[in-house]
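Visitor: I would like to know how the words used for a structure follow from the values behind them. Could you take me through it?

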Amino acid sequence: MSSIKLRAVVALSGLALVCAAQAAQKESAPPKKAAVHAKKAAAAKDPVAADFEKFHEIMEEDSPAELFEAKGAEMWKTKRGPKHVSLEKCNLGLGPGVVKGAYVQMPRYFADTGQMMDAERRIVYCMVKLQGFKEADLAKKPFSKGSYLPDPVALVTYVAGQSRNMKIAVPQKLPQERAAYKLGEEIFNYRAGPWDFSCATCHGEDNKRIRTQNLPNLASKVDAVRAFQGWPGYRMTGGLMHTLQWRMNDCFRQQRFPEPGYASETIADLLTYMGVNANGYLYKGPGIKR
Amino acid sequence: MKTFQASIFGAAALAIAFAAQAQDYRAQAISMMKRDFHAKGIAHMDRLNEDALQLICNRSHNEPPKGIAETLQHDQLATIQYPADGKFLGDWKAGEKLAQNGRGMTWKDGGKPSGGSCYNCHQIGPATTSFGDIGNSLLHFGKIRGYGPDVQKYVYGKIYNAKAYNLCSKMPRFGHSGTLTEKQIKDLVALLLDPNSPVNK
């Protein structure tokens, strides 16, 4: 699919999403399909959240995230970069070129770099090592904005799609992986900055919300899956595709911290902590976010 | 007896070893963050340094020993700068706008005055149903607790420095951190304690 065509499809589906979201908000005129899901949604305590969940279920069957997966898949096998090679030899932890199931087993420790790497960090590494891209260039504008879609976002979405309906199994076999979990836990609980916030301030208790946004308790086994589930995610606010790298970045912004380095070890360790907490759950693939 | 003593000693040594390791992870995590983060906008790198209060809360998992908590709360109380004119009540309408406004202190902010972010965590006025629940409900605050000068002073102080009343409270120290001005805090006090505020209707 050409990028112009893709963009048009995305824009259209974005528009459809907005319209559908508005329709879903209006209780008087719910979309037909919504009735099927109404019972489950009614169980949720908050009406706005319930509306979103209802809408979410409808959209999940035909997720706009799949368009980004397609784009990433094409990018993966295309010869690109200064070295003009594809990413088909990229080792995501399960051997060179093995993409299936790799996403749900990251972050993991990679002996070739001596680092903990989440999916995006590893993909950036492959783009640099195999294709000859410059890391500094990739880190310059790493997040989707307007019609701009960074390459790693499409690639991560593709890779994540190749773990759809697989069990989350972030490894803890190696001492480096166990240390990363511990370090991630420390980062998660570290209060600092002008507002004394840590990740745990908002995400350390069950059943809390900011405004109408439900907050997963990422320290608990039951809720932690919500940090994994739905990412990479097509965010209805703005109609952009975002990965966990973006989510962590924007969380630290709202934590009133300075900016974390893109694809840094701090983020890899934090994602290890949350990923391991979510182990055992089924990953549904790239999804939709409010 | 000897075995008993040895096992006690062993257990203690083990406990210390574990604690030491935990401290290691903490120190390692902090230095890693200092290496991996960079300043952006108004969010400078010094924000990663803990002040004394944050350090105690972090080290004790937000449950400091009672004695330490009392001493430090006392220190926090001393930071509160009460209005020189002795008046705590501002304009509740301006307070409502501030309570709705969640802007402030992030690297995207700067220049513009900050909001109070109050509805992010508290139920306040009856008209706003999109409120968070990390904090307690403040609906009917004055109606329930009274409108007197002591309550006014308490609310002013609580917004200025929440940690003076509960050391490891999740609530930011809005005055102490320079987020809100004296006038803004007065407006928020009025939102909760002006008998004409919708909060008390």
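Guide: What follows is a set of questions about terms, each answered by setting a value against its definition. This is a predicted model, in which local features need pLDDT of at least 70, side-chain atom pairs count only at pLDDT 80 or more, and totals for chains, interfaces and linings use all residues. Residues are numbered from 1 along each chain as its sequence is written, chains are lettered from A and ligands numbered from 1 in the order in which they are written, and side-chain values use heavy atoms, with hydrogens and water left out.

Visitor: Let us start with chain B. How many helices and strands does chain B have?

Guide: Chain B has eight helices and one strand. Helices (H or I, at least four residues) and strands (E, at least two) are DSSP runs, numbered from the N terminus. Along the sequence the order in chain B is α-β-α-α-α-α-α-α-α.

Visitor: What makes a residue count as buried?

Guide: Buried means under 20% relative accessible area, exposed over 50%, and partly exposed in between, using a 1.4 Å probe and protein chains only. In chain B, 44% of the 201 residues count as buried.

Visitor: Why is B:Asp109 called buried?

Guide: The relative accessibility of B:Asp109 is 17%, and the limit for buried is under 20%, so B:Asp109 counts as buried. B:Asp109 sits in the loop between helix 4 (92-100) and helix 5 (118-121) of chain B.

Visitor: Which residues does B:Asp109 touch, not counting those up to four places away in sequence?

Guide: They are B:Ile42, B:Arg103 and B:Gly104, where contact means heavy atoms within 4.5 Å. B:Ile42 is 67 residues from B:Asp109 along the chain, and their C-alpha atoms are separated by 7.3 Å.

Visitor: Why are helix 7 of chain B and helix 8 of chain B called oblique?

Guide: The axes of helix 7 (residues 149-160) and helix 8 (residues 182-193) of chain B cross at roughly 130° and come within 9 Å. Axes are lines fitted to C-alpha atoms, for helices over the stretch in contact, and angles run from 0 to 180 degrees between N-to-C directions. Angles under 35 degrees count as roughly parallel, over 145 as roughly antiparallel, 65 to 115 as roughly perpendicular and the rest as oblique. Helix 7 and helix 8 of chain B are therefore oblique to each other. The contact includes B:Val155 and B:Tyr156 of helix 7 of chain B, and B:Leu188 and B:Leu192 of helix 8 of chain B. By class, this contact has ten nonpolar, one polar and two charged residues. Ala, Val, Leu, Ile, Met, Phe, Trp, Tyr, Cys and Pro count as nonpolar, Asp, Glu, Lys and Arg as charged, and the others, Gly among them, as polar.

Visitor: What about chain A: why are helix 10 and helix 12 of chain A described as oblique?

Guide: The axes of helix 10 (residues 221-228) and helix 12 (residues 265-277) of chain A come within 7 Å and cross at roughly 125°. Helix 10 and helix 12 of chain A are therefore oblique to each other. A:Ala224 and A:Phe228 of helix 10 of chain A are among the residues in contact, as are A:Met274 and A:Val276 of helix 12 of chain A. The residues of this contact divide into five nonpolar, two polar and one charged.

Visitor: Which residues of helix 10 of chain A are buried?

Guide: They are A:Asp223, A:Ala224, A:Val225, A:Ala227 and A:Phe228. Their cover includes helix 11 (244-254), helix 12 and strand 9 (282-283) of chain A. After helix 10 of chain A comes A:Gly230, with a positive phi near 85°.

Visitor: Are A:Asn165 and A:Arg211 buried or exposed?

Guide: A:Asn165 has 52% relative accessibility, so A:Asn165 counts as exposed. A:Arg211 is at 19%, so A:Arg211 is buried. A:Asn165 lies in the loop between helix 7 (151-161) and strand 3 (166-167) of chain A, and A:Arg211 in the loop between strand 4 (208-210) and strand 5 (213-215) of chain A.
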